[in-house]
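Please keep the sequence and the model in view while reading.

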Amino acid sequence: MTDESLMLCVKNDDLDKAAILYERYKKKLYHFFLYKNKNDQELSEDAVQQVFYRMIKYRKSYKEDSGFSVWIYGIARNVQYQDYKDQAKMSEAHANYQTTETYTFVNDEHQAMRQAISLLPETYREVLMMSKFMDLKYEDIAVLNNCTVGVVKTRVFRAMQSLKEVYLKIS
């Protein structure tokens, strides 16, 4: 069954089908949140759970003509935005605490890549994650970001250039 047909079943209260969607998307969403949450595994796991909770809660809002991946990543972005707002409130409580961005030497290539990605500007990091790691099409990313496909292509290109520069500095 396609993701869309499974979601239609969920929309029509066949909630057992949500488990199939969960299995298909949990890993991709986890990695989406992991990079956005600077490798905080617990926060990322919680965010994935929140996405699927909202998927079930708002299942009636799913439109048959929209792609499921665009819809679920839209929910994921909303969860991330809410987490960001919550973290901003926490930051206000710690206003006197300042950090500086530094490059640290890392032996593990995967760790170096994760660190390099985390140092990219948010707009670049997001399109890079969606296009390269979640296999979303540029058209879908454009819909999610409310921009044109050309803007997405430019951002991905610039993200790859920036990633290369940052990675070479830290590796």
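How many salt bridges does a search of the whole structure find? The search finds eight, a salt bridge being a side-chain nitrogen of Lys or Arg within 4 Å of a carboxyl oxygen of Asp or Glu. The model is predicted, so local features need pLDDT of at least 70 and side-chain atom pairs count only at pLDDT 80 or more, while totals for chains, interfaces and linings use all residues. Residues are numbered from 1 along each chain as its sequence is written, and side-chain values use heavy atoms, with hydrogens and water left out.

One of the salt bridges joins Arg-24 to Asp-3, with the closest N and O atoms 2.6 Å apart. This pair links distant parts of the chain, since Arg-24 is in helix 2 and Asp-3 in helix 1 (residues 3-11), 21 residues apart. Helices here are DSSP runs of H or I with at least four residues, numbered from the N terminus. Arg-24 has a relative accessible area of 37% and is partly exposed, whereas Asp-3, at 16%, is buried. On this scale buried means under 20% relative accessible area, exposed over 50%, and partly exposed in between, with a 1.4 Å probe and protein chains only.

Arg-59 and Asp-13 form another salt bridge, at 2.9 Å from N to O. Arg-59 lies in the loop between helix 3 and helix 4 (68-93), and Asp-13 in the loop between helix 1 and helix 2, so the pair ties together parts that are 46 residues apart in sequence. Arg-59 is buried at 17% relative accessible area, while Asp-13 is partly exposed at 45%. Salt bridges also link Asp-13, Arg-59 and Lys-60 in a network. A further salt bridge connects Asp-14 with Lys-17, at 3.5 Å from N to O.

Next comes the packing of helices. Helix 2 (residues 17-36) packs against helix 3 (residues 41-57) at an angle of about 140°, and their axes are 9 Å apart. That angle makes helix 2 oblique to helix 3. Axes are lines fitted to C-alpha atoms, for helices over the stretch in contact, and angles run from 0 to 180 degrees between N-to-C directions. Angles under 35 degrees count as roughly parallel, over 145 as roughly antiparallel, 65 to 115 as roughly perpendicular and the rest as oblique. Residues of helix 2 including Leu-21, Tyr-25 and Phe-33 meet residues of helix 3, among them Val-48, Phe-52 and Ile-56; contact means heavy atoms within 4.5 Å. The residues of this contact divide into 14 nonpolar, three polar and two charged. Ala, Val, Leu, Ile, Met, Phe, Trp, Tyr, Cys and Pro count as nonpolar, Asp, Glu, Lys and Arg as charged, and the others, Gly among them, as polar.

Helix 6 (residues 122-133) contains Lys-132. This lysine is partly exposed, with a relative accessible area of 42%. Leaving aside residues up to four places away in sequence, Lys-132 touches Tyr-138, Val-156 and Met-160. Lys-132 and Val-156 are 24 residues apart in sequence, and their C-alpha atoms are 9.0 Å apart. Helix 6 packs against helix 8 (residues 149-170) at about 105°, with axes 9 Å apart, which makes helix 6 roughly perpendicular to helix 8. Their contact has seven nonpolar, two polar and three charged residues.

Definitions and conventions. Helices (H or I, at least four residues) and strands (E, at least two) are DSSP runs, numbered from the N terminus.
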